[in-house]
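Open the model in your viewer and keep the selection panel at hand. Each stop below tells you what to select and what is there.

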Protein chains: 2
Amino acid sequence: MDIHGYMAQLKEEIDQQLIAVIACPTETPLLVEAMCYSVENGGKRLRPILLLMMLEAFGYHCQKGMHAAVALEMIHTYSLIHDDLPAMDDDDLRRGQPTNHKVYGEAVAILAGDGLLTEAFHVLAKDKGLPVETRLELIQLLSATAGAQKGMITGQALDIQAEGKKVNLMALKHIHELKTGRLIEFACLAAGMIAKQPPEIMSKLSQFAKRLGLAFQIQDDILDVEGDAEKMGKPVGSDASKRKSTYVSLLGLAAAKQMLADEIEAALSLLDDLPIKSDRLKALTHYVAKRAH
Amino acid sequence: MDIHGYMAQLKEEIDQQLIAVIACPTETPLLVEAMCYSVENGGKRLRPILLLMMLEAFGYHCQKGMHAAVALEMIHTYSLIHDDLPAMDDDDLRRGQPTNHKVYGEAVAILAGDGLLTEAFHVLAKDKGLPVETRLELIQLLSATAGAQKGMITGQALDIQAEGKKVNLMALKHIHELKTGRLIEFACLAAGMIAKQPPEIMSKLSQFAKRLGLAFQIQDDILDVEGDAEKMGKPVGSDASKRKSTYVSLLGLAAAKQMLADEIEAALSLLDDLPIKSDRLKALTHYVAKRAH
């Protein structure tokens, strides 16, 4: 099976589990509908797929990581809902659909985000397929990588601090390492934890995640300049119109593409250095650099 | 020592621990300041104090419950920050001080809430004073009581659904049981979990928490009618001006006071039924009914 077919298969399993966790019988149907709406809104599921593929590369069945993958996607989704709010990025569209607060109103959108964030930890805590020690390690890792002390929230706060200011390349990389990189790091490290890997392997997993996360972000910026608006579900050129610093705006398109190629090469070489079956992960890494949305 | 002196002593220890957890070295000083601002903003610490006193009543040292108490107060504080936002209750003042978004802006207030919520689970997960099984049970309990499936967030969503509608007594009680009662239940059940109590005791702890939580809410409504604005740090009569259904608006002041007395009596009798040293908890229960803010 090619990488696209396999990604589609994993995505289907993740989607089923996500909805099973969130769409429970409820006396607050609007809240649950709002949570489902953003979760179902056509994400690529790159983070949970990475977690499951990494776990398989260590020789484990991907079901062992399904709860962690679902929790990760719930955290990613909550961050998008809150990020789109008028007080934050004030976005009306996400993946071609109206953003959560545009459909359900701001109050429900805030609560839907809070709900996904809270329930993500419930999913990890009650994952009966893993030993209690591993569950606890995963909860520590998720709260650290998503948190406000060198975590995703720190990255979002840095992003807000940088608004309207000129940001240099180092500062831009640092914001992205936190804002998007930390959850990608969770995907890789969670797989390593479940597969009980020693510290030196965990450190290599971190390095791989950083390279891959950076490549992901550079491709995001390139797509914003030369992507296909229809495939992306958002207009091209939105970064420039918001005067956001990007790899393209700081380096130019040619140098940004070179930087992307360098990061992908470094990521691939780190994969070669890990004691894993890396074919699918290599294909996934190439996909990140070549994706059209 | 009288109950006020003892509450003040516990509050001081809780406050110290809270600040130690939140005020870490950071590259996002505004975010951390915003988190500290709401945590330091003069709360009574009723929920964490209840947890620690309950644990002592079972014969345990209160330090065993300190991390759980801190996590609980962090969740309570995040819910207040998000609740005060313009899209939610749109409150400018909380305990006589400007609300978080009034001082730091909405974007930082949203992130400060997200940060406190996420870090609360980190505090529980890394509580080295408790066995891993207990930590995991506490995380399950906190994510359930604070969550979007019959948890605090469900109560907030019900509250939003009820806006502008006439609510009857049963519906009002139900909203409060979730919105404020569930975290009070966490306080009691967390103490029971740490003290390894059997199911029949846990069930009595739940019943006590429900009575106490209801009493707390009725007294809140009574204070909004006949309290001292200066002591409360907010104007009297704000419920009526917002046309909110309260125990006083539904029952009248005299019947609301009778209901409060009944709930307190039921709570005290449940304490008598528990295998604990209950003197301080009884004094705390009386305090809830008589507090002036």
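**Ground rules.** This is a predicted model: local features need pLDDT of at least 70, side-chain atom pairs count only at pLDDT 80 or more, and totals for chains, interfaces and linings use all residues. Residues are numbered from 1 along each chain as its sequence is written, chains are lettered from A and ligands numbered from 1 in the order in which they are written, and side-chain values use heavy atoms, with hydrogens and water left out.

**Stop 1: both chains.** Superpose chain A on chain B. A turn of 180° and a shift of 0.0 Å along the axis bring them together with an RMSD of 0.0 Å. The two copies are thus related as by a two-fold rotation axis.

**Stop 2: the interface.** Select the contact residues (heavy atoms within 4.5 Å). Chain A gives 47 residues and chain B gives 47 residues. About 4200 Å² is buried between chain A and chain B, 69% of it from carbon and sulfur atoms. That area is the accessible area (1.4 Å probe) lost when two parts are put together, summed over both. How many salt bridges run between chain A and chain B? The count is zero. A salt bridge here is a side-chain nitrogen of Lys or Arg within 4 Å of a carboxyl oxygen of Asp or Glu.

Now colour the side of chain A that touches chain B by element. Seven helices of chain A, α1, α2, α4, α6, α7, α8 and α9, each supply at least two residues. Helices are DSSP runs (H or I, at least four residues) and strands are E runs of at least two, numbered from the N terminus. The largest share, twelve residues, comes from α6(A).

**Stop 3: helix α8 of chain B.** Select residues 152-162. Eight of the eleven residues are buried; buried means under 20% relative accessible area, exposed over 50%, partly exposed in between (1.4 Å probe, protein chains only). Among the buried ones are B:Met152, B:Ile153 and B:Leu158. The buried residues pack against α2 and α6 of chain A, and against α4, α7 and α9 of chain B. Just after the helix, B:Gly164 has a positive phi of about 75°.

Stay on this helix and show B:Asp159. Its side chain meets B:Lys179 in a salt bridge (2.7 Å, N to O). B:Lys179 lies in helix α9 and B:Asp159 in helix α8, so the pair ties together parts 20 residues apart in sequence. B:Lys179 is buried at 18%, while B:Asp159 is partly exposed at 24%.

**Stop 4: a charged network in chain A.** Select A:Lys11, A:Asp15, A:Arg45 and A:Glu73, which are linked in a network of salt bridges. A:Asp15 pairs with A:Arg45, with the closest N and O atoms 2.5 Å apart. A:Asp15 sits in helix α1 and A:Arg45 in the loop between α2 and α3, 30 residues apart. A:Arg45 is buried at 3%, and A:Glu73 is buried at 2%.

**Stop 5: B:Lys204.** Select this residue and B:Asp273. Their side chains form a salt bridge (3.6 Å, N to O).

Technical notes: Copies are superposed by least squares on the C-alpha atoms of residues with pLDDT of at least 70 in both.
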